[in-house]
Amino acid sequence: FVRGLWTAYLRSFETHPLTSKSLTSGVLYGAGDLLAQGISYYRNDDAKAPTAHIEEVHEETDGAVVDETQTQSLSVVPASGRRRAFFSEVWDKERTLKMCTFGLAIGPYFHHWFRILERIVPRGPTVAQLAGMTTMQTRLAKAKGVAYRILGDQAINAPTFTVLFFSGMGLLNGMDTKQISTKLQNDYFTTLKANWCVWPFIQLVNFFFVPLHARVLYVNVAAVFWNAYLSFMNYKH
């Protein structure tokens, strides 16, 4: 049953590409925000956990008694209780919904971007070109195509998407143009530099091994942690 659902889901990327990619994008952007909120909650919760001083008595070999005081965390709330507290009291559902909305809206952008990139920079040599190539020449030609795609993606898509993200989320959060401009001035280049440290490696796998119709799915799954970072950058104070 599960395999059948998964097969139907993958088939939908070919039969209804825009709808499938947008819905997947929306869900995974929401998952990234949920992850970001969860990490912040557990990190802050641990940092704020009360401590107690526990006095222990140790006897040394010479018979002298030495008192030692140790500090121990009183963060003894069971994990299940902390999860319940997060989902019932802490989780900002409206914030996650806004990230989902942005993900739904950005899905078609990535759908068309990868298709444009495919046309501009083919995956490798054509059948006619392969006839006169050695195996090594074929591999080098394919690697060259992938390198050009990564370069194009990072030089064109990454800066464009970063602007779209902060602008789109700014609008969803009720910011005016001046506030969005300030947000871009503060966080644009930090986010873009982080992108350039992560995404070339993810896209290397994407362009080498993933078929065109599944690239948005791969990118979104790989991006759950990146989306968590984006959510942190967007909502950091």
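Let me start with a term: a residue is called buried when its relative accessible area is under 20%, exposed when it is over 50%, and partly exposed in between, with a 1.4 Å probe and protein chains only. What we have here is a predicted model, in which local features need pLDDT of at least 70 and side-chain atom pairs count only at pLDDT 80 or more, while totals for chains, interfaces and linings use all residues. Residues are numbered from 1 along each chain as its sequence is written, and side-chain values use heavy atoms, with hydrogens and water left out.

With that rule, Asn195 counts as buried because its relative accessibility is 7%. Asn195 sits in helix H7, which covers residues 177-209; helices here are DSSP runs of H or I with at least four residues, strands are runs of E with at least two, and both are numbered from the N terminus. Taking contact to mean heavy atoms within 4.5 Å, and leaving aside neighbours within four places in sequence, Asn195 is in contact with Gln154, Ala158, Pro200 and Trp226. Asn206 also lies in helix H7 and is buried at 0% relative accessibility; with the neighbours within four places again set aside, its contacts are Phe114, Arg215, Tyr218 and Val219.

Stepping back to the whole chain, there are 9 helices and 2 strands, and of its 237 residues 36% count as buried. Among contacts between residues at least 6 apart in sequence, 74% join residues at least 24 apart.

Now to the core. A nonpolar core is a set of buried Ala, Val, Leu, Ile, Met, Phe, Trp, Tyr and Cys residues joined through side-chain atoms within 4.5 Å. The largest one has 30 residues, of which Tyr29, Phe102, Phe110, Phe114, Phe161 and Phe165 touch the most other members. Which helix gives the most to this core? Helix H7 does, with 8 residues. As a general background, nonpolar side chains in soluble globular proteins tend to be buried together.

Turning to the aromatic rings, those of Phe, Tyr and Trp (its six-membered ring) pair if their centres lie within 6.5 Å, and planes under 30 degrees apart count as stacked, over 60 as edge-to-face and the rest as tilted. The search of the whole structure finds 18 such pairs. One of them joins Tyr9 and Phe13 in an edge-to-face arrangement, 5.0 Å centre to centre and with 90 degrees between the planes. Tyr9 is partly exposed at 26% relative accessibility, whereas Phe13 is buried at 2%. Elsewhere, ring pairs link Tyr29, Phe102, Tyr109, Phe110, Phe114, Phe161, Phe165, Phe166 and Phe207 into a cluster.

Finally, the charged pairs, where a salt bridge is a side-chain nitrogen of Lys or Arg within 4 Å of a carboxyl oxygen of Asp or Glu. The count comes to 4 salt bridges. In one of these, the side chains of Asp33 and Arg95 meet at 2.6 Å, N to O; Asp33 lies in helix H2 (residues 17-47) and Arg95 in helix H4, so the pair ties together parts that are 62 residues apart in sequence. Asp33 is buried at 0% relative accessibility, and Arg95 is buried as well, at 15%. Back in helix H7, Asp187 and Lys183 are 4 residues apart, about one turn of the helix, and their side chains form a salt bridge at 2.8 Å, N to O.
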